[in-house]
Amino acid sequence: MADQQQSFRAPRGVADILPDDQTLWRAVKSTAILTARQFGYRQIDTPVFEHTSLFRRGVGDETDIVQKEMYSFDDLGGESLTLRPEGTAPVCRSYIEHGMHNLPQPVRLYYIAPMFRYDRPQAGRYRQHHQFGCEAIGDPSPTIDAEIIEIGLHYIKNLGLSDVTVRINSIGDSDTRHTYADELRNHYTRYANDLPKVDRDRLDRAPLRLLDSKEPATQKLSAEAPKSLDYLSSEARVHWESLLEILDSLKTAYPKFSYRIDHTLVRGLDYYNRTVFEFEPSTEGSQTSLFGGGRYDPLIGILGGNPTPGVGFGSGIERIILEIQRQESLNVEDPPLNAVMVHVGETATKRASSLAAELRNHGVSVLLAPSGKSMRAQMRYANRANANYAIILGNREIEQNAAAIKPLQFDGDQDMVTLDAHKIANHIAPAD
RNA sequence: GUGGGCGUAGUGUAGCGGUUAACACGUCAGGUUGUGGCCCUGAAGAUCGAGGGUUCGACUCCCUCCGUCCACCCCA
């Protein structure tokens, strides 16, 4: 308010992750990392921006992401760059660029990274959001499709989330998908008069989308619509059926796990083929997809690499956090600091700084109470600081060459300890 | 891009056509001699989202804009 001119706020659809939020964020991220590692995935970070053409080609020129959601800009050299809207295309670019086909296949990679989409913000949807993603590149077998789904089960379980529904489908390979799309178009065109306007509009552009329309009239028609599973090539069918078998066999390790084959499940990115899946909570809501992905065998070829199969998923951290809060499934607290240094008087203040520095060298975490304030004020500060002990330095202590050490988190006596970092460190954080 | 709800101190809320715009939490300072948590006292902090109208008078009514939330679209 001191500034009469203007006050800034974060741009639309982006958010600060404040210290209070970080506790949960850290817990979720470390769960993600532990999960990925448990499956042998290794971390990869790709740049926040890429050549615009990477997404135009990889994600698909006709997709909504490319058509209307990209943060694209020309840099000072006239290069068109784009803030990454999704993680798979960049990882595949990196795979090709660094010749990862020379590594043992499949190459298993994970990332936790911000994504950017120019979208209208709403619950669980932001212009910058963060995704935990895994990609397994170089293995055509359904085993690896199942592995990717299993990572999701493991992740969700470790976060304490329950009531999560897994939906899967196979959309076939690109050739059969085209004939399927035509069949679908024919089906809906027959009832074009019954279609709501939104759906009539996208009938040509994206017939698959009508399958998961929210319009009751369309839903009625979708029940009778041809299913992609009936159009699979024999190879795709074998792949699909053995995937289901493997998923069934996962039930010994995950007794509560069940999946639903959902022929209305389609995905909006062009590179997907065969397996597609989505995890969502059973609770009502709108932007609820917690985890989604599928197989993208055509992608590496599209991006100029040797044709190489891949599967992967992305999972929105913000949505996971919303769901954790809804289900109250995870209770995390930051560990307390070891000590707060309370110091009154010039000499004491000086000594407090040097003592704190020495203590930190002993691995102790120390916070200085604000200088020049009364002891009461500093003790009040110490109380809010979430620390185990107050180390009190005043004239008396300096005279006695000692520090008063008072427990803050439990009732106990205040001790006088010789003013020596090693002794004090031992007192407040004894080495086990 | 389309539709709906909402916009009062840092946060959460109250309020009414005329009030010094209230309360809680938080912040800061105190509560005699250097020691937190509870309690008590006091202070700072809001041009009541912005602009325009209606009115003698608007935080309160109307319009526009902006922001925000929710929904569609799409997705994580």
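Colleague: Leaving aside its neighbours within four places in sequence, which residues is His-129 in contact with?

Modeller: Keep in mind that this is a predicted model. In it, His-129 touches Ala-113, Pro-114, Met-115, Arg-117 and Glu-318, leaving aside neighbours within four places in sequence.

Colleague: Where does His-129 lie, and is His-129 buried or exposed?

Modeller: His-129 lies in strand β6. Its relative accessible area is 13%, and the cut-off for buried is under 20%, so His-129 is buried.

Colleague: What does the side chain of His-129 make a polar contact with?

Modeller: The side chain of Gln-131, at 2.9 Å.

Colleague: OK, over to the RNA. How many residues surround RNA strand B, and which are the closest?

Modeller: There are 48 residues around RNA strand B. The closest are Arg-117, Arg-125, Gly-268, Arg-380 and Arg-396. You've met Arg-117 already, as one of the contacts of His-129.

Colleague: What is the make-up of that surface by class?

Modeller: By class, the surface near RNA strand B has 22 charged, 15 polar and 11 nonpolar residues.

Colleague: And on the RNA side, what percentage of the atoms within 4 Å of the protein belong to sugar or phosphate?

Modeller: It's 52% for sugar or phosphate, and the rest of those atoms belong to bases.

Colleague: Which side chain has a polar atom 2.4 Å from a base oxygen of RNA strand B?

Modeller: That's Arg-120. Arg-380 also has a side-chain N or O atom by a base oxygen of RNA strand B, at 2.3 Å. With Leu-408 the polar atom is in the backbone, and it sits 2.6 Å from a base nitrogen of RNA strand B.

Colleague: Which elements give two or more residues to the surface near RNA strand B?

Modeller: They are α3 (64-68), β6, β10 (291-295), β11 (310-316), α13 (375-384), α14 (395-400) and β15 (402-407). The one that gives the most is α13, with six residues.

Colleague: Staying around α13, where is Asn-386 found?

Modeller: Asn-386 is in the loop between α13 and β14 (387-393). It isn't a glycine, yet its phi is positive, at about 55°. At 34% relative accessibility, Asn-386 counts as partly exposed.

Colleague: And Asn-401, what's its phi?

Modeller: Near 50°, a positive value in a residue other than glycine. Asn-401 has its place in the loop between α14 and β15, and at 42% relative accessibility it counts as partly exposed.

Colleague: Let's look at Arg-167. Which strand is Arg-167 found in, and which side chain does a polar contact of 2.5 Å join to Arg-167?

Modeller: Arg-167 is in strand β7 (residues 164-170). The polar contact joins its side chain to that of Asp-262. Not counting residues up to four places away in sequence, Arg-167 touches several others, including Arg-260, Phe-277 and Glu-280. At 10% relative accessibility, Arg-167 counts as buried.

Colleague: What about Asp-139, where does that lie?

Modeller: In the loop between β6 (128-137) and α5 (142-158). Asp-139 is buried, with a relative accessible area of 17%. Its side chain reaches the backbone nitrogen of Ser-141 at 2.8 Å. Further along the sequence, Asp-139 is in contact with residues including Pro-106 and Arg-295.

Colleague: What kind of peptide bond joins Gln-105 and Pro-106?

Modeller: A cis one, with omega about 0°. Pro-106 is found in the loop between α4 (88-97) and β5 (107-116).

Colleague: Last one, helix α8. Which of its residues are buried?

Modeller: In α8 (residues 216-223) the buried ones are Thr-218, Leu-221 and Ser-222. Seen down the axis of α8, they fall within an arc of 105°, so they line one face of the helix. These buried residues pack against α6 (174-190) and α7 (197-202), while Pro-216, Lys-220 and Ala-223 are exposed on the other side of α8.

Methods: Residues are numbered from 1 along each chain as its sequence is written. Chains are lettered from A and ligands numbered from 1 in the order in which they are written. This is a predicted model: local features need pLDDT of at least 70, side-chain atom pairs count only at pLDDT 80 or more; totals for chains, interfaces and linings use all residues. Side-chain values use heavy atoms; hydrogens and water are left out. Helices (H or I, at least four residues) and strands (E, at least two) are DSSP runs, numbered from the N terminus. Buried means under 20% relative accessible area, exposed over 50%, partly exposed in between (1.4 Å probe, protein chains only). Contact means heavy atoms within 4.5 Å. A polar contact is a pair of N or O atoms within 3.5 Å; within protein, one must be able to donate a hydrogen and the other to accept it, and residues adjacent in sequence count only if both atoms are side-chain atoms. A residue is near a molecule or strand if one of its heavy atoms lies within 4 Å of it. Ala, Val, Leu, Ile, Met, Phe, Trp, Tyr, Cys and Pro count as nonpolar, Asp, Glu, Lys and Arg as charged, and the others, Gly among them, as polar. The arc is that of the directions from the helix axis to the C-beta atoms.
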